[in-house]
Amino acid sequence: MDARDKQILRSLRLVLCSEVLVEGLIIHYLYQEGILTENHLQEIKSQVTNHRKTMMLLDILPTRGPKAFQTFLDSLQEFPWVRDQLERKRKEMMAENPVGWNHSGAWTPRERETTVYTVRCRNLGTEGTCTSE
């Protein structure tokens, strides 16, 4: 899961805990799609309250690979308003931080190798094409 998606989950953590019931389709869909293991299911189900179950899922998801966030969005069929909120937050963050830039303003390694971006050059205050050479 990329840093932007981890930040989205972190920033909406309490909302997700109050709005989502993970015990039903969510965790079983994530298991079916290979995002969660059987041990993860048992660990989540062992939590006493739904709040704790959701917290446990949110602790596990960021460690489950690049498809985890999108698969989590797909699992929210019973909670379309939550999915919409996550997608809105994702679009906002993408507008604030274009792909290829990390939060410090440096190129991410993968993007550095293959991409030329037109960006606002912070130190010059002008627009230009920045490459990674």
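Me: Which residues does S75 contact, leaving aside its neighbours within four places in sequence?
Reply: With those neighbours left out, S75 is in contact with I26, Y29 and L30. Contact means that heavy atoms lie within 4.5 Å. The model is predicted, so local features need pLDDT of at least 70 and side-chain atom pairs count only at pLDDT 80 or more, while totals for chains, interfaces and linings use all residues. Residues are numbered from 1 along each chain as its sequence is written, and side-chain values use heavy atoms, with hydrogens and water left out.

Me: Why is S75 called buried?
Reply: Its relative accessible area is 4%. Buried means under 20%, exposed means over 50%, and partly exposed is in between (1.4 Å probe, protein chains only). At 4%, S75 is therefore buried.

Me: Where does S75 sit?
Reply: S75 is in helix 6, which covers residues 68-75. Helices are DSSP runs of H or I with at least four residues, strands are runs of E with at least two, and both are numbered from the N terminus.

Me: What lies 2.6 Å from a polar atom of the S75 side chain?
Reply: The backbone oxygen of F72 does. A polar contact is a pair of N or O atoms within 3.5 Å; within protein, one must be able to donate a hydrogen and the other to accept it, and residues adjacent in sequence count only if both atoms are side-chain atoms.

Me: How many helices and strands does the protein chain have?
Reply: There are eight helices and two strands. Along the sequence, the pattern is α-α-α-α-α-α-α-α-β-β. Of the 133 residues in the protein chain, 36% are buried.

Me: Which residues have the most contacts inside the largest nonpolar core?
Reply: They are L9, L57, L61, F72, L76 and L86, in a core of 29 residues. A nonpolar core is a set of buried Ala, Val, Leu, Ile, Met, Phe, Trp, Tyr and Cys residues joined through side-chain atoms within 4.5 Å. Two or more residues of this core come from each of helix 1 (3-11), helix 2 (13-19), helix 3 (25-32), helix 4 (38-45), helix 5 (50-60), helix 6 and helix 7 (80-96). In soluble globular proteins, nonpolar side chains tend to be buried together.

Me: What does L61 touch, not counting residues up to four places away in sequence?
Reply: L61 touches M1, L9, L30, I35, A68 and F72.

Me: What makes helix 4 roughly antiparallel to helix 5?
Reply: The two helices pack at an angle of about 150°, with their axes 8 Å apart. Axes are lines fitted to C-alpha atoms, for helices over the stretch in contact, and angles run from 0 to 180 degrees between N-to-C directions. Under 35 degrees counts as roughly parallel, over 145 as roughly antiparallel, 65 to 115 as roughly perpendicular, and the rest as oblique. So helix 4 is roughly antiparallel to helix 5. H40, E43, I44 and K45 of helix 4 meet K53, M56, L57 and I60 of helix 5.

Me: Which residues of helix 5 are buried?
Reply: K53, T54, M56, L57, L58 and I60 are buried. The buried residues of helix 5 pack against helix 1, helix 2, helix 3, helix 4 and helix 6.

Me: Why is the pair of F79 and W81 called edge-to-face?
Reply: Their ring centres are 5.6 Å apart and their planes stand at 75°. Rings of Phe, Tyr and Trp (its six-membered ring) pair if their centres lie within 6.5 Å; planes under 30 degrees apart count as stacked, over 60 as edge-to-face, and the rest as tilted. The pair is therefore edge-to-face. The structure holds one aromatic pair. F79 is buried at 7% relative accessible area, whereas W81 is partly exposed at 44%.

Me: Is L41 buried or exposed, and how do you know that?
Reply: L41 has 8% relative accessibility, so L41 counts as buried. L41 lies in helix 4. Residues up to four places away aside, L41 touches I27, Y31 and L36.

Me: What makes K6 partly exposed?
Reply: Its relative accessible area is 31%, so K6 falls between the cut-offs. K6 is found in helix 1. Neighbours within four places aside, K6 is in contact with M1 and P62.

Me: Why does D5 count as buried?
Reply: D5 has 4% relative accessibility, and therefore counts as buried. D5 is also in helix 1. Residues up to four places away aside, D5 touches F69 and R90.
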